[in-house]
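Please read the following note alongside the sequence and the structure. It takes up a few residues in turn.

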Amino acid sequence: MDEERNAVSLTFTINLGFGSGVVTPGTGIVLNNEMDDFASAPGVPNAFGLVGNDANAIAPRKTPLSSMTPTIVTENGHFRMAAGAPGGSTIITQVLQVILNVLEYNMDVGAAVSVPRIHHQWLPDQLRVESWGLDALTVQDLRRRGHKIKETNPWGNGNAIALTSDGTLEGAADPRGEGSPRGL
């Protein structure tokens, strides 16, 4: 965000840890592996477990299974917050949870990007929960109701900036990642 409060939100990706595993000679630039976001065959999951069909085929005029969700939220025509995250199929839920945490649960941005996350993407049919994300009684009750729960290590790297009620800007970088907020 600049001094005039123009904001940018972006999601950059190389798709997997080292992208395609190819580095451009002499540059050190890792090429992405965004082709994984196309369906190699209908019903075959990609590296993130997303399942595509003919609309996601590796062919011209087809749509990748991308979950990039750079988001800018406005209120009455003015900036309210911006959020984004890498994380494959978890991007959409990460960004939504940060936005809800700020706008609905009145968390400061630092808490909003830090609290435990949950994620469900239809296939596989399981609720992914950070291992310290839900209390034991909630997990037990969800399992009793038939939910398949997979407790996992923390994931993601959400970042956000928001306008506070007193008009100041508050930014935060996810402690799960490597960034840090900076401002002048």
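The numbered points below concern a predicted model.

1. The first point concerns F38. This residue is placed in the segment before β1, the strand that spans 71–75. F38 counts as buried, because its relative accessibility of 19% falls under the 20% cut-off.

2. Which residues are in contact with F38, when its neighbours within four places in sequence are left aside? They are N56, A57, I58, K62, T63 and P64. A further residue, A59, is 21 residues from F38 in sequence, and the two C-alpha atoms are 8.7 Å apart in space.

3. The next residue is D174, which is found in the segment after β7 (169–173). Is D174 buried or exposed? Its relative accessibility is 1%, so D174 counts as buried.

4. The side chain of D174 takes part in polar contacts with two arginine side chains. One joins D174 to R117 at 2.6 Å, and another joins D174 to R176 at 2.8 Å.

5. The surroundings of D174 may also be listed. Not counting residues up to four places away in sequence, D174 touches V113, R117, G156, N157, G158 and N159.

6. The last point turns to the surface. V8, L10 and F12 form a nonpolar patch there, and together they have about 380 Å² of accessible area. L10, one of these residues, lies in the segment before β1. L10 is exposed, because its relative accessible area of 52% is over the 50% cut-off.

Key:
Residues are numbered from 1 along each chain as its sequence is written. This is a predicted model: local features need pLDDT of at least 70, side-chain atom pairs count only at pLDDT 80 or more; totals for chains, interfaces and linings use all residues. Side-chain values use heavy atoms; hydrogens and water are left out. Helices (H or I, at least four residues) and strands (E, at least two) are DSSP runs, numbered from the N terminus. Buried means under 20% relative accessible area, exposed over 50%, partly exposed in between (1.4 Å probe, protein chains only). Contact means heavy atoms within 4.5 Å. A polar contact is a pair of N or O atoms within 3.5 Å; within protein, one must be able to donate a hydrogen and the other to accept it, and residues adjacent in sequence count only if both atoms are side-chain atoms. Patches are made of residues with over 30% relative accessible area and no salt bridge: like charges are joined within 9 Å, nonpolar side chains (Val, Leu, Ile, Met, Phe, Trp, Tyr) within 5 Å. Accessible areas come from the Shrake-Rupley method with a 1.4 Å probe; for residues, only the protein chains shown count as cover. A salt bridge is a side-chain nitrogen of Lys or Arg within 4 Å of a carboxyl oxygen of Asp or Glu.
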